[in-house]
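Trainee: I have a structure to read and I need a method. Can we go through it together, one feature at a time?

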Amino acid sequence: PSSSSSSLSSLPSSSSSLSYLPSSSSPLPPSSSAAALLSCRLALSASSLLILPFPSSRAYSRLLRSMRGGGGGEPTMKDSQSARKLPVVAIDGPAASGKSTLAHRLAAHLSFPCLDTGLLYRATALRLHRKGLSIPEYRKEDREAEVAEEQFATEASSLSLQELEDPELSSDLVGELASIVSAYPRVRKALESYQRNFCIKPPNDARGAVLVGRDIGTVICPEAAVKLYVEADVETRAQRRFHQQQESGRKVRLEGNINGLPER
């Protein structure tokens, strides 16, 4: 892995730790867990992570070979309908913990496509805004909201990955509109389906996928082969968010980030 981990070498080091949590029913043998940690060592050095193991050492070894592009065929993960699944890395964590940075670099390392699910609502809101559509607050039994909800869900289900790279997604206006859009139940359902489809059939016939965002490993893809939870202390998260906002040209105060982040 040392020869193929150069894309991860620029990750900052910190005093945080890496934790491995074995399953009581089927713990991974030392050789398999060591291989997993060696493969991801550089990627995981920047934050404290919780790693949930793949159920069996044989399947896990097959998963690693598939992730590394080796032989042995694709690993199979069976859900309640015994459907064939590709390996998915699910990354969760609080706001500004560094989970998105880790996800994109790990995806590049594995040659997997990456979906930052937190951008989906923003991308939906931006598309609606650019089409000149009114985005009313969601209220049950409100006729205007009912009519809008159907169109919003249709737009959400047809997002392209290119739309998730639009620099305007980080604007305050889009953030405010995304908060309104996310209250629509049919939009949430459409975007959950979007994420699950990304897991089942990643773009460009990829051999797996990396997804980052809230509830990825519990709601969207509970059968994910690898689940990571990224944490960082509030001060570190506030500094990271502060620099992100400064780079986007926004005038912000570090104290405001420190006070607001514990709630996220």
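Mentor: Start with what the buried residues of α4 touch. They pack against β4 (114-116), α5 (143-157), α6 and α7 (185-200). Keep in mind that this is a predicted model.

Trainee: Which residues of α4 are buried?

Mentor: Leu120, Tyr121, Ala123, Thr124, Ala125, Leu126, Arg127 and Leu128.

Trainee: How do I describe two packed helices?

Mentor: Two packed helices are described by the angle between their axes and by the distance between those axes. Now take the case here. Helix α4 covers residues 118-130 and helix α6 covers residues 172-181. Their packing angle is about 105°, and the axes lie 8 Å apart. That makes α4 roughly perpendicular to α6.

Trainee: Which residues of α4 and α6 meet?

Mentor: From α4, take Tyr121, Arg122, Thr124, Ala125, Leu126, Leu128 and His129. In α6 they meet Leu173, Val174, Gly175, Leu177, Ala178 and Val181. Sort this contact by class: nine residues are nonpolar, three are polar and one is charged.

Trainee: What comes just after α4?

Mentor: Look at Gly132. Its phi is positive, about 75°.

Trainee: Let us turn to strands. Is β3 mostly covered or uncovered?

Mentor: Mostly covered. Strand β3 spans residues 88-92, and five of its five residues are buried. Now check each face. Val88, Ala90 and Asp92 are on one side, Val89 and Ile91 on the other. Both faces are covered.

Trainee: Which strands pair with β3?

Mentor: One is β5, residues 209-212; it pairs with β3 in the parallel sense over four bridges. Another is β6, residues 226-231, and this pairing is also parallel, over four bridges.

Trainee: Which other strand is joined to β5?

Mentor: β4. Three bridges join β4 to β5, and the two run parallel. Find Cys114: it stands opposite Val210 in β5.

Trainee: Which way do the residues of β5 point?

Mentor: Ala209 and Leu211 point one way, Val210 and Val212 the other way. All of them are buried.

Trainee: Now a single residue. Why does Leu228 count as buried?

Mentor: The cut-off is under 20% relative accessible area. Leu228 counts as buried because its relative accessibility is 5%. Leu228 lies in strand β6. Next, compare sequence with space. Leu228 and Ile91 are 137 residues apart along the chain, yet their C-alpha atoms are separated by 4.7 Å.

Trainee: How should I treat parts where pLDDT is low?

Mentor: Where pLDDT is low, the predicted coordinates should not be read in detail. For this chain, the average pLDDT is 74, and 61% of the residues score at least 70. Among the elements of the chain, α4 has the highest mean pLDDT, 97. Strand β1, residues 18-20, has the lowest, 36.

Trainee: Where does the pLDDT fall below 50?

Mentor: One such stretch is residues 1-57. Beyond near neighbours in sequence, this stretch has 102 contacts in the model. Over residues 70-84, pLDDT also stays under 50. There the model has 35 contacts beyond four places in sequence.

Definitions and conventions:
Residues are numbered from 1 along each chain as its sequence is written. This is a predicted model: local features need pLDDT of at least 70, side-chain atom pairs count only at pLDDT 80 or more; totals for chains, interfaces and linings use all residues. Side-chain values use heavy atoms; hydrogens and water are left out. Axes are lines fitted to C-alpha atoms, for helices over the stretch in contact, and angles run from 0 to 180 degrees between N-to-C directions. Angles under 35 degrees count as roughly parallel, over 145 as roughly antiparallel, 65 to 115 as roughly perpendicular and the rest as oblique. Contact means heavy atoms within 4.5 Å. Ala, Val, Leu, Ile, Met, Phe, Trp, Tyr, Cys and Pro count as nonpolar, Asp, Glu, Lys and Arg as charged, and the others, Gly among them, as polar. Buried means under 20% relative accessible area, exposed over 50%, partly exposed in between (1.4 Å probe, protein chains only). Two strands pair if DSSP finds at least two bridges between them. pLDDT is the predictor's confidence in each residue, from 0 to 100.
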